[in-house]
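Look through the structure first, then read on.

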Amino acid sequence: MEKRENFKSRIGFIMTSAGCAIGLGNVWRFPYITGIYGGAAFVLFYLIFLVILGAPIMISEFAVGRASGKSAVRSFHVLEPEGSKWHIFGYFAAAGNYLLMMFYTTVAGWMISYIFKSAGGVFSNLSPEQIGGVFEQSLANPAEQVVWMVVVALIGFAVCFRGLKNGVEKVTTVIMTSLLILMLVLVVRAVTLPGASKGLLFYLKPDFSKMINNGIGEVIFAAMGQSFFTLSLGIGALAIFGSYIGKEKAIAGEALNIIVLDTFVAFMAGLIIFPSCFAFGVNPGQGPGLIFATLPNIFNSMSLGRLWGTLFFVFMSFAAISTVIAVFENIIAFAIDMFGWSRKKAVLINAAAIIILSLPCALGFNLLSSISIPKIGNLQSIEDFIVSDNLLPLGSLIYILFCTSKYGWGFKNFIEETNTGNGLKVPSKIRFYISWILPFIVIAIWLVGYIHKFILN
């Protein structure tokens with residue numbers, strides 16, 4: 001087995017972990033969910049739940065990764081009490097990473113294809129209906145869907161092929177830095193548009209009457225769900241990066257840095273989208289089509305619109321690719337840990353596997369569009385349902401129970417690992433909350449997701 005690498009720098013660890021957490025959930029889902037649930041009042045609850053839900057689960061994943069020095073598929077083997085079966089979850093975590101990439105590569109492909117569409121002037125002089133039609137035509141074209149999915153897979157694995165320090169860490173740091181600079185440029189453009197102030201008010205001034213109109217319980221659960229899913233928790237996607245760091249810094253402070261960066265990107269995405277929507281009289285709560293059907297129309301109406309549209313989709317692609325690279329690194333680590341393969345062998349075999357496994361999603365909008373499940377949807381929705389509605393919440397529950405139960409790793413070992421190093425410490429008094437209250441919240445999110453999907457839908 002080849003020698004295990006560690007991160008070259010602390011900033012590399014933070015940027016790579018943030019790159020994993022920062023994805024389309026931040027820049028695609030967050031703005032339209034915020035739009036649906038009334039703006040700033042929703043954001044307020046989102047931030048609260050990010051701290052009380054997201055942070056403890058992220059800390060537990062990092063702690064398990066750092067203490068074991070292994071990926072999710074082997075970390076439980078190292079830390080579990082002898083004779084226990086916690087390690088079985090490692091295989092579900094591995095499956096979750098593969099399943100996530102089976103549809104994420106296709107969606108990331110949409111983002112990259114839109115860079116070229118925007119730069120090439122495809123949207124110029126088109127009506128809003130025609131712009132929506134461009135996306136529909138793209139989905140209906142199997143060759144286009146497969147080509148862009150393969151491009152994403154090859155980019156991600158090419159970066160991972162170069163190793164942790166020279167590939168994943170170096171490239172992700174450049175991508176994340178570029179993403180932050182691009183965001184600032186786009187925010188300045190958006191907030192200086194005529195009429196942008198209405199969008200800023202909607203986004204930044206809490207209006208609790210909007211919460212009441214949407215149903216307070218529904219808004220709270222939506223905020224809870226978004227804070228939970230935005231960090232990619234529960235399938236060990238972050239645990240691997242814990243295994244690549246030393247013991248110099250306490251884990252809680254590092255987790256907080258990543259959460260702050262993740263939140264900053266989501267927040268800034270809102271500062272781009274809401275002022276732009278209000279400046280051009282567009283409803284920001286119209287769902288996932290906002291990015292592909294509506295925003296190109298807005299950029300059309302701006303001076304230098306082709307430039308701003310292209311920059312926006314470069315930014316979106318960076319957010320998507322950073323997650324792809326991070327999860328691919330996780331998948332490669334599984335193969336190295338499980339089979340003792342070299343990095344080169346793990347990359348080549350997994351690149352072929354991911355491309356083949358991603359074909360159903362890429363073809364699910366065209367050749368395989370007849371395949372669907374009532375109340376869930378097409379192949380992409382089915383894969384997303386398995387990951388987002390099941391593996392993420394239930395996986396997070398496993399991590400919490402493993403770290404706090406005397407039948408697992410145990411709270412004493414968990415808190416000792418978490419607080420090793422300089423920086424923010426987690427008080428032992430938090431034990432009751434993490435052991436008893438947090439698991440019930442996670443179970444509630446999981447059950448409410450089912451109720452919404454199968455009973456209320």
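## Salt bridges and a helix contact

Glu-254 counts as buried, because its relative accessibility is 6%, under the 20% limit for that class. This comes from a predicted model. Arg-10, at 41% relative accessibility, counts as partly exposed. Glu-254 and Arg-10 form a salt bridge. Glu-254 lies in helix 13 (residues 251-279) and Arg-10 in helix 1, 244 residues apart.

Side chains of opposite charge can pair when their charged atoms come close. The whole structure holds 5 salt bridges, including those in the table.

| Pair | Closest N to O distance |
|---|---|
| Glu-254 and Arg-10 | 2.7 Å |
| Glu-329 and Arg-343 | 2.9 Å |

Glu-417 is buried at 9% relative accessibility, whereas Lys-247 is partly exposed at 39%. Glu-329 belongs to helix 15 (residues 305-339) and Arg-343 to helix 16 (residues 343-363), 14 residues apart. Shared partners join the salt bridges of Arg-66, Lys-247 and Glu-417 into one network.

How do helix 1 and helix 8 pack, and at what angle? Helix 1 (residues 10-21) meets helix 8 (residues 164-191) at about 70 degrees, and their axes are 9 Å apart. The two helices are therefore roughly perpendicular. Residues in the contact include Gly-12 and Met-15 of helix 1 and Val-168 and Glu-169 of helix 8. By type, the contact residues are 4 nonpolar, 6 polar and 1 charged.

Definitions and conventions. Residues are numbered from 1 along each chain as its sequence is written. This is a predicted model: local features need pLDDT of at least 70, side-chain atom pairs count only at pLDDT 80 or more; totals for chains, interfaces and linings use all residues. Side-chain values use heavy atoms; hydrogens and water are left out. Axes are lines fitted to C-alpha atoms, for helices over the stretch in contact, and angles run from 0 to 180 degrees between N-to-C directions. Helices (H or I, at least four residues) and strands (E, at least two) are DSSP runs, numbered from the N terminus. Angles under 35 degrees count as roughly parallel, over 145 as roughly antiparallel, 65 to 115 as roughly perpendicular and the rest as oblique. Contact means heavy atoms within 4.5 Å. Ala, Val, Leu, Ile, Met, Phe, Trp, Tyr, Cys and Pro count as nonpolar, Asp, Glu, Lys and Arg as charged, and the others, Gly among them, as polar. A salt bridge is a side-chain nitrogen of Lys or Arg within 4 Å of a carboxyl oxygen of Asp or Glu. Buried means under 20% relative accessible area, exposed over 50%, partly exposed in between (1.4 Å probe, protein chains only).
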